[in-house]
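Q: I would like to learn how to read a few features of a protein model. Where do we begin?

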Amino acid sequence: LQNRIIPGRWKGISLFDESRIECSDGDIGGYVNIRSESVFVGMHTNFHTAGIHLAGTGDLQCHNCTLQSIENGRPAIEAEEESTLLLIGTQITQTGGIRLRTTKRVHLLRSSLQNCTTGIDIGGGSVLQITNCQIENSTGYGLFAHSATFSMSNSIISQNNLIGVQLVNSIATLNRNHVIQNIKGGICANENSSLTLNEGMVNENSEFAILLKDSFVKIHKAKLENNVKCGVIASNSRANISEVDFNHNQGTACQFEGEKTKSLIVRSNFIQNGTGIINSDSSELSIDNCTFSENGVHIEGKLKSKSCITNKTVLSRSKEGVGIFIHNDACATISNCNLNNEAKTAIATSSATNVKNTTIEKCGNTGVTYLEGSSGIIEHCHINFNNKAGINVSSPSVTIVDNTIKNNGKYGIAMKKDVKCDIGQNVLENNVTPYYVY
């Protein structure tokens, strides 16, 4: 059956056989019910009380359609049971968006959802593919997924009043998308969700770029920049981050917390963030071959967290003058790194901190500062050209051995009075005073 609907206002349409509908400038006062294969072409329609409803084995294709104006916020398209849906070049605006509860595949291509209550609400085992689409200016979420699977590529999720993409017990793969300027945050993954983010950007969101709770994220070659608060927040979650740019976030670029949190960051850049990384609340973090510059503090470990910073990681010129700060029963291992040009000290610790095979130089005050309550070993390090001291120790539980400590402005090793730390064989040259007790 092939029909061309005459412009006008229709109370409702029911399609049970194979149909092809062409319509322009129509008003439809009730549901369009679809339970068979149907194709809409060039349909420019105002819905008033309800939109398109797919059920059973209904199969709908919309080509170059405009679906708009449902007064009560009902979805423009609702797909249930075993129905399938394909949108190509279709615009949905001023409606309840798209609601998916089908067990079959749905594909949105070169389409847009604008000014909806929620752009896409997907759940119940639905499988969705989104390609070259825009989801913008929703009064709620851009996309809300519950117990669903979807992939999205080359799309824009922007300026939604709540979170751009919300996952609950869902699996999402995002490739080369822009998730930008969402009011409550970019992407949130809760309740055993799995998020893969490849390339693209999550920028300029008012709260966070990515928030994880009891979930997993893999981020590769993406940009998380200019978010008002945080880049990534992971609570009791796992994070695998590689080749990501964390720049100009006003709060913390990455914050990890919770004893179930285990995170790895490789070959990533942290530049001009409020704080580079905070690792806390018993979480475990590994940082490998990263660059930190002009953050408030580059890395802070606290509250029984474990941090491993290694393999050519470079930290310099923090705004607060302290590169790495470890405290409150946290512990850290720093190895094969380069820390330089800090206004105060490259490393300050009041907890357990080991520093190995690392170059520390050109700090305004001291290279490494072990505060009261700290412990650890410094070995095989080069600690040079710091304005005051190479190492300052206020705790007896510190071992200093096999280091080269040269050309520091006043002291090679400075120790607080009555502190008897274990000082092995070191090379101390061209310091005004090799050892100083104060």
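A: Begin with burial: buried means under 20% relative accessible area, exposed over 50%, and partly exposed in between, with a 1.4 Å probe and protein chains only. The model is predicted, so local features need pLDDT of at least 70 and side-chain atom pairs count only at pLDDT 80 or more, while totals for chains, interfaces and linings use all residues. Residues are numbered from 1 along each chain as its sequence is written, and side-chain values use heavy atoms, with hydrogens and water left out.

Q: Is Asn408 buried or exposed?

A: Asn408 has 2% relative accessibility and therefore counts as buried.

Q: Where does Asn408 lie?

A: Helices (H or I, at least four residues) and strands (E, at least two) are DSSP runs, numbered from the N terminus. Asn408 is in the loop between β56 (404-406) and β57 (411-415).

Q: Which residues is Asn408 in contact with, leaving aside neighbours within four places in sequence?

A: Contact means heavy atoms within 4.5 Å. For Asn408 the list includes Ile383, Asn384, Phe385, Asn430 and Asn431.

Q: What is the place of Asn384?

A: Asn384 belongs to strand β53 (residues 382-384). Its relative accessible area is 11%, so Asn384 is buried. A polar atom of its side chain lies 3.0 Å from the backbone nitrogen of Lys406. Beyond the neighbours within four places in sequence, Asn384 is in contact with Ile360, Glu361, Lys362, Thr404, Ile405, Lys406 and Asn408. The C-alpha atoms of Asn384 and Asn431 are separated by 9.2 Å, at 47 residues apart along the chain.

Q: In which sense do β52 and β55 pair?

A: Two strands pair if DSSP finds at least two bridges between them. Strand β52 (residues 375-379) and strand β55 (residues 397-401) pair in the parallel sense over five bridges, and Glu379 stands opposite Val401 in β55. Strand β55 is also joined by two bridges to strand β58 (residues 422-423), again running parallel; there Ile400 stands opposite Ile423.

Q: How does a partly exposed residue such as Arg176 read?

A: Arg176 has 40% relative accessibility, so it counts as partly exposed. It is found in the loop between β25 (171-175) and β26 (178-180). Not counting residues up to four places away in sequence, Arg176 touches Ser153, Asn154, Ser155, Asn198, Glu199 and Gly200. The side chains of Arg176 and Asn154 make a polar contact at 3.3 Å.

Q: What does the secondary structure of the protein chain come to?

A: It comes to zero helices and 60 strands. The radius of gyration is 29 Å, well over the 22 Å that the globule rule gives for 438 residues, so the chain is more spread out than a compact globule. That radius is taken over C-alpha atoms, and the rule is 2.2 Å times the number of residues to the power 0.38. Along its principal axes the C-alpha trace spans about 95 × 30 × 30 Å.

Q: How much of the protein chain do buried residues make up?

A: Buried residues make up 54% of the 438 residues.

Key:
Polar contact = N/O pair within 3.5 Å; in protein donor to acceptor, adjacent residues only side chain to side chain.
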